[in-house]
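Visitor: Could you walk me through this one before I set anything up? I'd like the overall picture, and then some of the local detail.

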Amino acid sequence: MRGRHSDASFMYKRGPSKDYINDFDREGSSVRLLNGKDIGNPSWKRSLPHILVATISSFLYGYHLGVVNETLESISIGLGFSGDTFAEGLVVSTCLGGAFLGSLFSGWVSDGLGRRRAFQLCALPMIIGASMSATTNSLWGMLLGRLFVGTGMGLGPPVAALYVAEVSPTFIRGTYGSFTQIATCLGLLGALFIGLPAKEIVDWWRVCFWVSIVPAVLLALCMEFCAESPHWLLKRGRGAEAEAEFERLLGGLHVKSAMAELSRSERGDEVDTVKLSELLYGRYFKVVFIGSTLFALQQLSGINAVFYFSTTVFKSFDVPSDLANICVGFSNLFGSVVATMLMDKLGRKVLLLGSFSGMVVSMALQIMATSSFASGSAALYLSVGGMLLFVFTFSLGAGPVPGLLLSEILPGRIRAKAMAVCMAVHWVINFFVGLLFLPLLEQIGAGVLYSIFAAFCVLAVIFVKSNVLETKGKSLQEIEIALLPSE
């Protein structure tokens, strides 16, 4: 059977998209049938190694988000800007500014060079930037290094979301999409653990930056042996290579049906150039608006303020920062593991609604901790408990779902470039949260600031309920038909 299928599949290697479609229609309406037998789902083991390599970029993303958490105080002392909250905010936010620049070009890079080369390119500035940060003796050197690292961080997440969506079998795409969030959590935890000796050992923070070079080099090298996205190959007119990659990812029995379905959604798009204006109005506006708004609300919930400045916040309650931050990291990891198990069972929309609702409750606990009604141990338990619950509920849905959902709802023709636009929105808001959190905390107080974050979480619940389509168990083609109006 394998031999007959392989021979048949070669008939389609260099034909136009309509040939795949017409043959598929003649063969029958079910993509799961071969010679009258149900061939079932493809093996998840084939695509897993490729997914795991791609998630190294998410690990690096999490690591560089958290690397300044435990080390920020010792960095400021070592580089001579201790006590300057604006300079401390810049060390955090310059990285985010670089990520904004990287995300702007991510769509053009991944469409022009391919997903594999885009991963390798994102590793390069991370290696250069981490080396600069580890060796600098001035604030400006640190900022320049963080800017370089940020460009790699901006390139990585959108490419990872695209790659996971495009190489994963439909039945397990949600689970694989959650792997990126787990890798981010592991990166954050790794940064926290490695940063623990920073208060006792002079210049230990330099070691923390050196360590990050290892996974960056590993990403660049291992991606050379991974599969390229069949979606990208077919868009470039390389149908034979797309078939070969599908066989590598799904197995020979599933190549024909996968190529037929992909060709249906990609026909006519191979030679078109996507203009920015197409993403901002017209038939694609709805999906770009949904993706951009989800990322905006994700950041306006205040989650990254927790990751960037949890040490500072816990210190105000006399909680040991190392213990508190490790608890935050494990809470994030535990929630992400739970989300992985539920993503393809409950669905994306249910997890988003539950996640943002839980974050509202968590912020309410933190607001109570800052009020005059709570004092002493009550305020401590409310604050720490609220923060841990906030991180846990975030990691259940608001963390892993937007990136996965966006890669699912965006049509193949605009997927990479629209992802770049939506991620740019993410990084702009992330930048201002990182830059302004500490000054606002000093100026308006924790109670008012947490109330603002809670209000955005409520707004997110309303938006998700009204605008988000459930994508669980649907192919990318089915999602595209459901969301886009006919031309």
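This is a predicted model: local features need pLDDT of at least 70, side-chain atom pairs count only at pLDDT 80 or more; totals for chains, interfaces and linings use all residues.

Visitor: Fine. What does the secondary structure come to?
Guide: The protein has 24 helices and 2 strands.

Visitor: And how much of the protein is buried?
Guide: Of the 487 residues in the protein, 59% are buried.

Visitor: Which residues sit nearest the centre of the largest cavity?
Guide: Its lining comprises 30 residues, and those nearest the centre are Tyr-61, Pro-157, Gln-181, Thr-184 and Gly-399. Two or more lining residues come from each of helix H4 (56–66), helix H8 (139–167), helix H9 (173–195), H16, helix H17 (303–315), helix H21 (401–409) and helix H22 (415–444).

Visitor: Which of those gives the most?
Guide: That is H8, which contributes 6 residues to the lining of the largest cavity.

Visitor: And by class, what is the lining made of?
Guide: The lining of the largest cavity has 17 nonpolar and 13 polar residues, with no charged residues among them.

Visitor: OK, on to the rings. How many aromatic pairs are there?
Guide: The structure holds 9 aromatic pairs. One of them joins Phe-285 and Phe-289, whose rings are stacked, with 5.7 Å from centre to centre and 20 degrees between the planes.

Visitor: Where do those two lie?
Guide: Both Phe-285 and Phe-289 belong to helix H16 (residues 285–300), where they are 4 residues apart, about one turn of the helix. Phe-285 and Phe-289 also form one aromatic cluster together with Phe-463.

Visitor: Which other pair is stacked?
Guide: Phe-334 and Phe-392 form another stacked pair, at 5.6 Å centre to centre and with 20 degrees between the planes. This pair links distant parts of the chain, since Phe-334 is in helix H18 (residues 321–346) and Phe-392 is in helix H20 (residues 377–398), 58 residues apart.

Visitor: Are those two buried, or exposed?
Guide: Phe-334 counts as exposed, at a relative accessible area of 51%, whereas Phe-392 is partly exposed, at 23%.

Visitor: Last topic: where is Leu-113 found?
Guide: Leu-113 lies in helix H6 (residues 85–113), and with a relative accessible area of 47% it is partly exposed.

Visitor: What is Leu-113 in contact with, leaving aside its neighbours within four places in sequence?
Guide: With those neighbours left aside, Leu-113 is in contact with Leu-121 and Trp-232. Leu-113 and Trp-232 are 119 residues apart in sequence, while their C-alpha atoms are 9.6 Å apart in space.

Definitions and conventions: Residues are numbered from 1 along each chain as its sequence is written. Side-chain values use heavy atoms; hydrogens and water are left out. Rings of Phe, Tyr and Trp (its six-membered ring) pair if their centres lie within 6.5 Å; planes under 30 degrees apart count as stacked, over 60 as edge-to-face and the rest as tilted. Buried means under 20% relative accessible area, exposed over 50%, partly exposed in between (1.4 Å probe, protein chains only). On a 1 Å grid over the protein atoms alone, a cavity is a set of points where a 1.4 Å probe fits but cannot get out, and a pocket is an open set with protein on both sides within 12 Å along at least five of seven lines; lining residues have an atom within 4 Å of a point. Ala, Val, Leu, Ile, Met, Phe, Trp, Tyr, Cys and Pro count as nonpolar, Asp, Glu, Lys and Arg as charged, and the others, Gly among them, as polar. Contact means heavy atoms within 4.5 Å.
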